[in-house]
Amino acid sequence: MRHIYLVVEGVHDAAFIGRLLTKQAAMAQVQEAKQLPEGWQTFLDNFKWPTRTPKGERLISRLAVPAPLFYCRPKTMDLTVVVSNAEGIEKIAARMESDVE
């Protein structure tokens, strides 16, 4: 499986990239954390935003800034793309560093 991590300037950029991924690359936004490959679970633990269902599952589809958006190919699961919103062009490098740690 391949993983791509993108940091974009703001919410409009994240929405645009998401639209490209869904319309042109046949990808779908991941709705629940359990649908992600195991390596992303540790990454998600750094965020407080995922809401929980009554069953305790983490819903990651809710659009919360600066929560990253996750996309994957639903049939093959051979590619995961994460789009992270830096909340401003001057914060892109800082976002990359904080997300990667």
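Select Val83 to begin: this residue lies in strand β6 of a predicted model. Is Val83 buried or exposed? Its relative accessibility is 1%, and buried means under 20%, so Val83 counts as buried.

Next, display the residues that surround Val83. Leaving aside the neighbours within four places in sequence, Val83 is in contact with Leu6, Val8, Ala14, Ile17, Leu21, Pro68, Leu69 and Tyr71. Among these partners, select Val8 and draw a distance between the two C-alpha atoms. Val8 and Val83 are 75 residues apart along the chain, and their C-alpha atoms are separated by 7.1 Å.

Now extend the selection to the whole of strand β6, residues 79-85. How many of its residues are buried? Seven of the seven are, and the strand is described as mostly covered. Show the side chains and look at the directions they take. Leu79, Val81, Val83 and Asn85 point one way from β6, while Thr80, Val82 and Ser84 point the other way. The residues of both sets are buried.

Two strands that pair with β6 come next. Select strand β1, residues 2-8. In which sense do β1 and β6 pair, parallel or antiparallel? The pairing is parallel and runs over seven bridges. To find one point of this pairing, highlight Tyr5, whose bridge partner in β6 is Val82.

Then select strand β5, residues 69-72. Strands β5 and β6 pair in the antiparallel sense, over four bridges. Highlight Cys72 here, and Thr80 of β6 will be found standing opposite.

Follow the chain from β5 to β6 through the turn. The two strands form a hairpin, with six residues between them. Within that turn, select Met77, which has a positive phi of about 55 degrees.

Tracing them along the sequence gives the pattern β-α-β-α-β-β-β-β-α.

Switch to a surface view to end the tour. The accessible surface of the chain comes to about 6,400 Å², and 56% of that area belongs to carbon and sulfur atoms. Of the 101 residues of the chain, 39% count as buried; Val83, where the tour began, counts as buried. Among contacts in the chain with a separation of 6 or more, 64% are accounted for by residues 24 or more positions apart.

Technical notes
Residues are numbered from 1 along each chain as its sequence is written. This is a predicted model: local features need pLDDT of at least 70, side-chain atom pairs count only at pLDDT 80 or more; totals for chains, interfaces and linings use all residues. Side-chain values use heavy atoms; hydrogens and water are left out. Buried means under 20% relative accessible area, exposed over 50%, partly exposed in between (1.4 Å probe, protein chains only). Two strands pair if DSSP finds at least two bridges between them. Contact means heavy atoms within 4.5 Å. Accessible areas come from the Shrake-Rupley method with a 1.4 Å probe; for residues, only the protein chains shown count as cover.
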